[in-house]
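Dear colleague,

Please find the structure below, with its sequence. My notes on what was found in it follow directly after.

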Amino acid sequence: MLPLGSRDPGTPKACCTASTSWHAHLDVSLLYNFSLLHCGLMMPGCEEHFIQAVCFYECSPNLGPWIQKVGSSGQGERIRDAPLCREDCEQWWEDCRTSYTCRSDWLGSWDWSREPLPAGAACRPFPRYFPTPAALCQRIWSGSFQASPARRGSGRCLQKWFEPARGNPNEAVARLFAARAPHAMHGSGISEARALTWVYHFLYDFW
C-alpha cells in the first residue's frame, strides 16, 4: 500500500492538497462517493493500482494536453484518452484478476450516490468484464485513459506511478503532446488559446 499522503510522485509540482491525497486512500472514496468494496474485499495489489490511478488523475501536473470540456455549459472538465504505458495496463489487469466487480464502466454505468451496487448487477472476476489489459485501462473510467502500445521509457506514454528519484518521465510525454495540442485539440471543445497556454507552460516550465 502506498504511504498515506502519497500523491503523484511528480511533486513538488503535483496539483493536490493533503486532503485530496488522504481521500484517495480510502476504500470508500469521499472524492467520488465510490466504494472499492462494492463486490467484497479487493486484493491489496489491485487496490494499490486504483489508489495510484486516483492520485495520478487528481494530482498529476502532466495531464493538461488531455483535459476536455464536458457538459452543456462547458464549465466542467475531465481527462480523456490519456495514454497509459503498456506495462501499466498489463500489471493493473494482472493484479486485479482475482478481484471482483460488477460493471465494465465505473463512471457511466451507475449512480454511486444512490446505488452502492446496481440492481441486478452480478459480481464477477475482473477478466469477465475486462478480458484484456487494454479493456481495463480504456473502459473502467469511461475513456479517461487510453491503452498505449508504447512501453515505459519510450517517451510516448504516461506512467501512473514511477520512482521519483529517477525523475518524472511524464514531463517529456506531456511536452510532446502539448506541442501537438493546437492541431490535436481542434474540434475537441478546447480553445486554441488554451492549447497554446499548455504549450507555453510545458516549454517554459520544464525546459
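A residue is called buried under 20% relative accessible area, exposed over 50%, and partly exposed in between, with a 1.4 Å probe and protein chains only. This is a predicted model, in which local features need pLDDT of at least 70 and side-chain atom pairs count only at pLDDT 80 or more, while totals for chains, interfaces and linings use all residues. Residues are numbered from 1 along each chain as its sequence is written, and side-chain values use heavy atoms, with hydrogens and water left out.

The chain has eight helices and eight strands, taken as DSSP runs numbered from the N terminus (helices are H or I, at least four residues; strands are E, at least two). Of its 207 residues, 44% are buried.

Much of what I have to report concerns helix 3 (residues 86-95), whose buried residues are Asp88, Cys89, Trp92 and Trp93. Viewed down the helix axis, these residues fall within an arc of 125 degrees, so they line one face of helix 3; the arc is that of the directions from the axis to the C-beta atoms. They pack against helix 2 (44-59), strand 5 (82-84), helix 4 (126-129), helix 5 (133-139) and strand 8 (145-147), where contact means heavy atoms within 4.5 Å.

A search of the whole structure finds four salt bridges, each being a side-chain nitrogen of Lys or Arg within 4 Å of a carboxyl oxygen of Asp or Glu. One of them joins Arg86 and Glu90 (2.9 Å, N to O), which both lie in helix 3, four residues apart, about one turn of the helix. Glu90 counts as partly exposed, because its relative accessibility is 30%, and Arg86, at 37%, also counts as partly exposed.

Another salt bridge is formed by Asp88 and Arg152, whose closest N and O atoms are 2.7 Å apart. Asp88 lies in helix 3 and Arg152 in the loop between strand 8 and helix 6, so this pair ties together parts that are 64 residues apart in sequence. Asp88 counts as buried, at 4% relative accessibility, whereas Arg152 is partly exposed, at 37%.

Finally, Lys160 is found in the loop between strand 8 and helix 6 (170-179). Lys160 is buried yet has no salt bridge, and the nearest side chain of opposite charge, Asp88, is 5.0 Å away, with Lys and Arg counted as positive, Asp and Glu as negative, and His and the chain ends not counted.
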